[in-house]
Amino acid sequence: MNFLPLSFGAPMVLWGLIALPVIWWLLRLTPPSPQRETFPPLAILARIVRREETPQNSPWWLTLLRLALAALVILALADPVFNPRERTAVSGQALAIVLDNDWSSAPDWDRRVATAERLIADARGSGLPIVLALTADRPNQDIGPFDADTAIQRLNAAEPRPVPPDRPVIYERVADALETMPGATLALLTNGLAAPGDDAAFEQIVAADPSEIRWGAPDRTSLLAFTDSTNEPERFTVTAIRPESDTAPRQATAYASDERGRRIAEALITFGAGETAATGEMRVPFELRNDFASIGISGEHHAGALHLLDENSRRRRIGLLAQSAEDEAQPLLSPLYYIRRALSPYADLIEAESADRSEAIPELLDQQPAAIIMADVGTLPDAAREQLVEWIHNGGTLIRFAGPRLAAAEHDEELLPVRLRVGERSLGGTLSWSEPQPVAEFPVGSPFSDLTPPRDVTVNRQVLAEPSADIVERAWASLADGTPLVTGATREAGRVILFHITPEATWSNLPISGTFVEMLRRIVQLSQNQGSVAGEQEETATRLAPYRMISATGTMVPPGPEAEPLTPGPDATVDLAHPPGLYGSEDGVVAHNLLASDATLETLARPEAPVTITEAHYAFDSAQPLRGALLAAALGLLALDTLAVLWLGGLLRRSSRRRPASAASAILIAFLAFGLLSPDRALAQQTQTSEAEAIDAISATRIAYVITGNSSVDAISRAGIMGLSRFLTDKTALEPGEPAGVDIDTDELSFYPLIYWPIDANAPMPSEEAIARIDAYMQEGGTVLFDTRDQYSAGFDSSDSVSPETQRLRDILANLDVPPLEPVPEDHVLTKAFYITSEFPGRYNGSPLWVAADMNAASPSDRPVRSGDGVSPIMITGNDMAGAWAIDSDGQPLLPTVPSNSMQRVYSLRAGVNIMMYMLTGNYKSDQVHVPALLERLGQ
Amino acid sequence: MARIGEVTPHVTVQDALVRARTRAALVPDLMVEARRVVNTVIAGWHGRRRRGIGENFWQFRPYVEGDAISRIDWRRSAREEGHLYVRDQEWEAAHTVWLWADRSPSMLYRSNRAEVSKESRAIVHVLALAELLSRSGERIAWPGLTDPFAARNGAERLAQYVAHAEPSAERPDMKQIRRFCDVVISSDFLDPPDEIKLWLDPLTRGGIRVHLIEVADPTEETFPYTGRIEFHDPETGERLTAGRAETVAEEYRNLYAARREELRRWCKSLGWSYTVNHTDRLASEALIQVHTAMTSDMEIGR
């Protein structure tokens, strides 16, 4: 059986197949010789008994069937196994399994567990002690030795961790444990990715003198992991890496989610052949980018594929500072007005409460802003200036605007990018020859280089820079005459930027142009937040509590018991005590991501060892014992044989009376089986309105009724709508389609002009979502006709008591946006929509039909009908209208009216016609009632 | 399980004759009826109450031209002047009854529920009728074996003929049977009805009255077999195995009854009688019915 992936547990039993010819011979002999009887009317009997069943010839196919049955039983007894796995005995005194359960093991964790289980199962036979260690678990974990059952339990309890493995420590523990058990079989089930300290770890464990090493590594590591992400002015870039072993070209989709997990952007990451790192770009509006909370990779479910973003990559905090307190009365003249308008969508603006700059600047700096914008501030107090300079040197961005005060101030080397001439330059004034200057092309290398210079912007006044050698490279924007408009310079880690104009529209109309917004945005993008707010607010500024953790499968989970507070910083490590995730609190979080931006996924080298190393493949145990299947097949054949014998014996044909019953039971069984096999098919189909259903629903006007779940109510509803449809077809131009039963939980409602909703107190209360759907349906113009059907079951008691149906209706309406209601007034369109009727009876008479009260309806006494727009989105009656409309298949009424009055049924149908016409034509009839008068006038 | 049915040897005709006489004697009603028939209607030596060829005086009637001169009764004519009278005799024609019992192998069947084989019963029928008919002077005959004869010991003579004849499965040719006679056939009629109709077809013409007596073994009718049974046809030697005989019983009974019903209906349409006699019942029951049929038929007239 080498050519088939098939092996037999008891191959000797296969010799039983030799017995098949004997069985064949025996089968030929059977059935046993019959009793012989003389029987003169044989000719008559011969017409019934089939000629085939003569003893010498049982039909060949029956013999074949029985032979196959016997063969199947013999094969089943031989215990065949499909895809047998190699059963290599575990040698040595013990089995040590070291399993990597780090983040990269999550995608195929089950497979690794299955592999380990196989090893344990092999060891179980020889009763070896088993050491089981997980490299990403705590170093002080219990590693055994266990017996096989305990090992299996521990293995099943183990789970992948969203942290890198800690091989050195765990391997050392295993090596210690193996010292007492020399000659153990060592199974290293690794993740195939190199980690620091691997060599030492392997050295240590090889030194433990195992008799044999099983080396497990994933055949193909195809995982992708994020290392970095950057929020650039124009785009958001993400960087992903993949293992070295994965060299094929590959594309992956990265997506960005907001805090609620909604996907709001996607990017394609394309790995070329052999590339281990690739970047993807998300070009989405800045506002959207600020909502990014995490980046994920489609199809990757492990901790490395979820990259969390914190405040650093998101909104910047901008401090605003002006020389003078704002004049509330003239906001448009406030120097910060346009800056605020430009930046508030993109940044958190913070302003100092104190007007005193010596207090205001430290106050701003305390909030660690990414940038500070100073509008026409001349000189600063020394103490504040020192702090500001230090902040700039640490990475702050100072944006200054010119103005009369700055023009008059002395030069400040640190806080100005260029040396300024004292005084300002005026262009295009009454005493000037020069024209107001437009903005020139933005120079290459400037942050604005990709912007188009606005043509309609002119600059009337500016402060001028002293010409210097580096003035050109410091000029980020210039005027047409070459004088700089925006200059910038770096100060250590920070920047100083100067707009040579005022931030309001006095010197130039740039601040009121869109380009101003773009320019400010780009500058803000250059800045970086200087620390997080949470860090300041907490007393332990450097230790952040775990807030949301990344699980091993790449989802956000609450922190587990092992997570400890994190000290954020570049050297913060990812380990079991500090799993990747968000640290901090709701006010502000710091992202602690699994992989550093320079991380790589290198292939783990197989260690050299003096003992044999065999490969262990990660795979599920695909061995399929075929015994059960074969026995089942044999049983099936046996059943077939029984049926065949019955058929031959004429039992199935004998009683034709029973045939329908047996056929029915067979069909029933088939249906049951079908139902068991596909339990969700019908439901699954309902969840989405298919296109065909939609076309079906709108190709004719269909009146809908709500399926309450009570079959009798639903049947009456259906029959009632059917009766009304027939009446409409007879009497009006409207020919409605089949009544549509709608499930308000799932079905699309907008197809139907009217939904009849019989209230059934016994039916379950509709879900909130369903009620919300009904609400939306009513808002969008649909009408629901509620029928409590309780006109006579309610009202006989004291007026306070309500019937259960009415109570249920109240419960439903409590969640709906219901307009004020009134009984149909006499001059309402409903009373004249087709028939002129004043009452709306159903099976019962007396309950008014409630409609939305039209507060605006004018009701002049000389008009027979009130005018007014709109159609009542809701109607309520207690008259059981469907009951009166309901007809059976012969067109006969199903239910009697109360009191029994055939005219009441007619009136009820007329009311239904009126309601339907009102639904479809709205208040059209309120005009049509004047037609006689109009015709009369035309006749004159 | 013991066998239900067996094939018996051919019956000794003399033995059957004894039983036939016993049977005939054990039926006093039949005797009374037979006597009444003999005395009144059927018998060959008795008048038919109508003019015809015979020995007894029937009436005088006036001579009409064309009557044979020799038939004029001169003594009567001499009494009255001017009138010639012709002497009419009463029509005396001995009636011929053809009797035939099926002696084919299928008739040799006897089940354990029956006293006698079907052949035995059939011969008893025939001989009993022969005895009764001979006593009343009718001519009896066995088609293919004898010509019609009349004798006081007709049954004995018929028995002699039958005893010496070789039992054969062949049916006699019915074409030799002339008009205006009775035919009594006692058989099991298990052959296909169409075949039987074809065989009896010559009898449907010429005013022949036929009385069919179906001799049935109760087993054939009730089909009490269960289990796996190989059925064996004594006539054709065919074999047929029913795996579960009880499963076909109901259908078989329906077919069996349908066959009988078809024959019965066919007979009724021809004015013939059809009598069923089970071998576990008395032979005289069939005799009574056949005689009743003969009598009633007579009274209805032709």
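Two strands pair if DSSP finds at least two bridges between them. The model discussed here is predicted.

**The seven-stranded sheet of chain A**

In chain A, I372(A) has L398(A) of β18(A) as its bridge partner. This contact belongs to a parallel pairing: five bridges join β17 (residues 371-375) to β18 (residues 397-401) of chain A. Both strands sit in an open sheet of seven strands. The order is β16-β15-β17-β18-β25-β24-β23 in chain A, and the pairing is mixed. From one strand to the next, the twist averages 15°.

Helix α11 (residues 382-393) of chain A lies across β18, β24 (484-491) and β25 (494-499) of chain A. Relative to β25(A), helix α11 runs at about 115°. Helix α14 (residues 514-526) of chain A packs on the sheet. It touches β15 (316-322), β16, β17, β18 and β25 of chain A. The direction of α14 makes about 155° with that of β18(A).

**A buried strand, β6(A)**

Five of the five residues of β6 (residues 185-189) of chain A are buried, so the strand is largely enclosed by the rest of the structure. Both faces are covered. T185(A), A187(A) and L189(A) lie on one side, with L186(A) and L188(A) on the other.

β6(A) has parallel pairings with β4 (residues 95-99) of chain A and with β7 (residues 212-216) of chain A. Each is built from five bridges. In the second, the partner of L189(A) is G216(A). Between β6(A) and β7(A) the chain passes through helix α7 (residues 198-206) of chain A, and this β-α-β crossover is right-handed.

**The four-stranded sheet of chain A**

Another open sheet has four strands, in the order β11-β10-β13-β14 of chain A, with antiparallel pairing. Its edge strands are β11 (263-271) and β14 (306-308) of chain A. Neighbouring strands are turned by 20° against each other on average, direction ignored. Four bridges join β10 (residues 250-257) of chain A to β13 (residues 294-297) of chain A. Here A256(A) stands opposite I295(A) in β13(A).

**Where chains A and B meet**

The contact takes 35 residues from chain B and 25 residues from chain A. On the side of chain B that touches chain A, β1 (5-7), β9 (229-232), β10 (239-242) and α8 (245-270) of chain B each supply at least two residues. The largest share, seven residues, comes from α8(B). By class, that side of chain B has 16 nonpolar, seven polar and twelve charged residues.

Strand pairing also links the two chains. Strand β2 (residues 35-38) of chain A and β9(B) pair in the parallel sense over four bridges. Within this pairing, Q35(A) has I229(B) as its bridge partner.

**Strand pairings side by side**

| Strands | Sense | Bridges |
|---|---|---|
| β17(A) and β18(A) | parallel | five bridges |
| β4(A) and β6(A) | parallel | five bridges |
| β6(A) and β7(A) | parallel | five bridges |
| β10(A) and β13(A) | antiparallel | four bridges |
| β2(A) and β9(B) | parallel | four bridges |

How values were computed
Residues are numbered from 1 along each chain as its sequence is written. Chains are lettered from A and ligands numbered from 1 in the order in which they are written. This is a predicted model: local features need pLDDT of at least 70, side-chain atom pairs count only at pLDDT 80 or more; totals for chains, interfaces and linings use all residues. Axes are lines fitted to C-alpha atoms, for helices over the stretch in contact, and angles run from 0 to 180 degrees between N-to-C directions. Two residues are in contact if their C-beta atoms, placed from the backbone, lie within 7 Å. Ala, Val, Leu, Ile, Met, Phe, Trp, Tyr, Cys and Pro count as nonpolar, Asp, Glu, Lys and Arg as charged, and the others, Gly among them, as polar. A residue is buried if 20 or more other C-beta atoms lie within 10 Å of its own, exposed if 12 or fewer, and partly exposed in between; C-beta atoms are placed from the backbone. A crossover is right-handed if, with the strands pointing away from the viewer, the path from the first strand over the helix to the second runs clockwise.
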